[in-house]
Amino acid sequence: MTEKTRDLDTRIVAAIERLSTATRSAMRQVTKNYQLTPLQLQILAYVAASGPEVTMGKLAAHLGLRPPTITDAVVALEQKRLLERARSPHDARTVHLRVLTAGKKVLTRLTTWSKVLREQLELLSDQEKGLLLNALLFLIRGFQQAGLISLTRMCTTCVFFEPDRYSDPQSPHYCRLLEQPLRLVQLQVDCPDHQRNQGTSAIEKNPKRKSAVPNSREAANHAGH
Ligand code: SF4
């Protein structure tokens, strides 16, 4: 690794730490004001973002936590009247989770952070967003492999994901389930068809792969920048 690359890596780490500090600070403010644990806030945010079909099982799988831990947090949220559990009208064995009005109000306190982020994202082109998403998914995958965060249903940890199958920098990957190339902007972070890659990933199997992230200059050139 050259001195120049090391310096670039250091600046990227510093930039990610700044973003992470902003997230933690926004979450800390809300958890303190509403006397919630970080897990309870995470559950509220996930249920609100997932729509009406989210179940305890899906929630436990998403957070990578044991069901009793999830149940304790959900019961606490119910007692605060922020969330409710309701049996599915179609299947009495299925219990869905729903954020109540007071819970939605709590989440609006987090919106300043996400609003600013969305405003900044609007300034990027689709190609730049695709590259950013691709890079983030590979970084998250590294954190998951190191056991620092729980499994999420992303392409980069999926058994069907085949990275760098094509030379097109904007559409390098392939989904073996869909049997089609995946454009960078199509990469999934919570795919219902995701299956965990238990063994050696396609990335490790591919000795030609030097970098987990496509060369951005190559991609920008390809995009005509
Ligand atoms: S099944 Fe879903 S998560 Fe897996 S590679 Fe295909 S699109 Fe990505």
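This is a predicted model: local features need pLDDT of at least 70, side-chain atom pairs count only at pLDDT 80 or more; totals for chains, interfaces and linings use all residues.

Around the ligand sit Cys-155, Cys-158, Phe-160, Phe-161, Cys-175, Leu-177, Leu-178, Gln-188, Cys-191, Asp-193 and His-194. From there we can move on to a sheet and a pair of helices.

**The ligand's surroundings**
- Sorted by class, the shell around the ligand has eight nonpolar, two polar and one charged residues.
- Among the residues surrounding the ligand, you can look for Cys-155, Cys-158, Cys-175 and Cys-191.

**The sheet**
- Three strands make up an open sheet, arranged in the order β3-β4-β5 with antiparallel pairing.
- Which strands lie at the edges? They are β3 (161-162) and β5 (180-182), each of which pairs on one side only.
- Strand β4 (residues 173-175) runs antiparallel to β5 and is joined to β5 by three bridges.
- To find this pairing in the view, look for Tyr-174, which stands opposite Pro-181 in β5.

**Two packed helices**
- Two packed helices are described by the angle between their axes and the distance between those axes.
- Helix α2 (residues 38-50) packs with helix α5 (residues 101-108) at an angle of about 105°, and their axes are 10 Å apart.
- Angles of 65 to 115 degrees count as roughly perpendicular, so α2 and α5 are roughly perpendicular to each other.
- On the α2 side, the contact is made by Leu-44, Ala-45 and Ala-48, while α5 contributes Gly-103, Lys-104, Val-106 and Leu-107.
- By class, this contact of α2 with α5 has five nonpolar residues, one polar and one charged.

Notes: Residues are numbered from 1 along each chain as its sequence is written. Axes are lines fitted to C-alpha atoms, for helices over the stretch in contact, and angles run from 0 to 180 degrees between N-to-C directions. Helices (H or I, at least four residues) and strands (E, at least two) are DSSP runs, numbered from the N terminus. Angles under 35 degrees count as roughly parallel, over 145 as roughly antiparallel, 65 to 115 as roughly perpendicular and the rest as oblique. Two residues are in contact if their C-beta atoms, placed from the backbone, lie within 7 Å. Ala, Val, Leu, Ile, Met, Phe, Trp, Tyr, Cys and Pro count as nonpolar, Asp, Glu, Lys and Arg as charged, and the others, Gly among them, as polar. A residue is near a molecule or strand if its C-beta atom, placed from the backbone, lies within 6 Å of it. Two strands pair if DSSP finds at least two bridges between them.
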